[in-house]
Amino acid sequence: MGIAVENVSKFYGSFHAVDSVSLDVKTGSLVALLGPSGSGKSTLLRMIAGLEQPDSGEIWLDGENATHKSVQKRQLGFVFQHYALFKHLTVRQNIAFPLEIRKFPKSKTKHRVEELLSLVQLQGFGDRYPSQLSGGQRQRVALARSLAVEPRILLLDEPFGALDAKVRKELRTWLRQLHDTVHVTTVFVTHDQEEAMEVSDRIVVMNKGRVEQVGTPAEIYDQPATPFVMSFVGPVNVLPRNAGILPDLGVATQTSERVFLRPHDVVIQTNSDDDGAPAKVSRIVNLGWEIRVELVLQSGETVNAYLSRDRFNQLNIKEEELVYVKSRQAKIFV
């Protein structure tokens with residue numbers, strides 16, 4: 001089922017939480033609402049769910065105006081950040097709960113619960129209580145419960161925000177695989193850029209209640225529409241136009257304008273050439289899979305460069321050493 005949001009706004013007193021947002025989510029897609037705290041992403045999700053009412057605009061579900069429909073009539077599954085499991089119920093009973101309140105036959109409920117336990121890879125955990133599970137397992141139970149009634153749309157509000165980094169990464173992979181299995185239209189909220197890039201088909205970048213850009217992960221990263229998108233999605237150096245290491249951008253600009261440069265587009269050389277600008281290596285940070293080199297230009301500007309381990313070993317540079325830097329490409333917003 002597709003989702004269409006048309007010029008939706010939401011106020012909390014004088015605060016404009018969502019400001020004239022329009023958005024289309026295709027049937028069967030997995031879309032991330034990405035942005036910092038206070039950008040309006042959770043408020044937008046709650047309006048799609050029917051947990052909040054918009055002050056203006058309309059929300060359409062599968063071609064029907066659902067703006068004033070109740071939560072129950074929207075046939076949605078909703079997963080919260082903190083699981084919201086019933087502590088006194090077992091895993092099976094938690095998953096069965098939405099089926100029981102809808103008075104599904106016991107035989108059908110039992111079959112559906114076992115089917116979902118298998119789907120979320122928790123066979124053998126049905127008789128445990130939430131307190132006997134890890135955080136990742138509890139979140140999978142919450143997802144299974146939301147899928148129990150076969151919702152037309154699945155909404156997730158920062159579903160992995162309470163988990164540690166390793167478990168989050170494992171669940172991101174699992175969520176993508178789950179979506180590819182059930183094909184339910186899914187919208188999830190996150191402030192984690194890597195999470196959005198790894199899991200979603202399309203990303204909606206929000207800032208101060210408005211949509212800055214909608215696109216695939218590749219489009220958002222490689223073709224950012226605004227300075228905010230480029231600064232928020234992925235690491236970036238922000239430099240003055242006269243920094244001395246920037247390529248010819250082919251645009252007549254003032255020297256005060258900012259130029260955006262990705263760290264992996266910074267080239268480091270140990271020998272001088274006509275294009276390289278001198279810089280001092282101020283710090284070297286080993287990130288395991290890559291090396292971050294912090295550089296200080298003669299103008300005093302700081303630049304971060306990301307190097308592969310092979311390239312770093314090849315250069316054999318040390319802190320306080322003088323090197324020469326230039327850029328492969330950069331972006332300026334006119």
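Okay, so, axes here are lines fitted to C-alpha atoms, for helices over the stretch in contact, and angles run from 0 to 180 degrees between N-to-C directions. Helices are DSSP runs of H or I with at least four residues, strands are E runs of at least two, and both are numbered from the N terminus.

Quick housekeeping. This is a predicted model, where local features need pLDDT of at least 70 and side-chain atom pairs count only at pLDDT 80 or more, while totals for chains, interfaces and linings use all residues. Residues are numbered from 1 along each chain as its sequence is written, and side-chain values use heavy atoms, with hydrogens and water left out.

First pair: H4, residues 135-147, packs on H5, residues 165-182, at about 25°, with the axes 11 Å apart. So those two are roughly parallel, which is the word for angles under 35 degrees. On the H4 side, the contact (heavy atoms within 4.5 Å) uses Gly136, Gln139, Arg140, Leu143 and Leu147, and H5 brings Val167, Leu171, Trp174 and Leu178.

Next, H2, residues 91-101, against H3, residues 106-119: here the angle is about 125° and the axes sit 9 Å apart. That makes H2 and H3 oblique. From H2 we've got Val91, Arg92, Ile95, Ala96 and Leu99, meeting a set in H3 that includes Thr109, Arg112 and Val113.

Last stop, Thr185, in strand S8, residues 185-190. Is Thr185 buried or exposed? Buried, at 1% relative accessibility; the cut-off is under 20% relative accessible area, with a 1.4 Å probe and protein chains only. A polar atom of the Thr185 side chain lies 2.8 Å from the backbone nitrogen of Gly28.

Technical notes. Parallel < 35°, antiparallel > 145°, perpendicular 65-115°, else oblique. Buried < 20%, exposed > 50% of the residue type's maximum accessible area, 1.4 Å probe, protein only. Polar contact = N/O pair within 3.5 Å; in protein donor to acceptor, adjacent residues only side chain to side chain.
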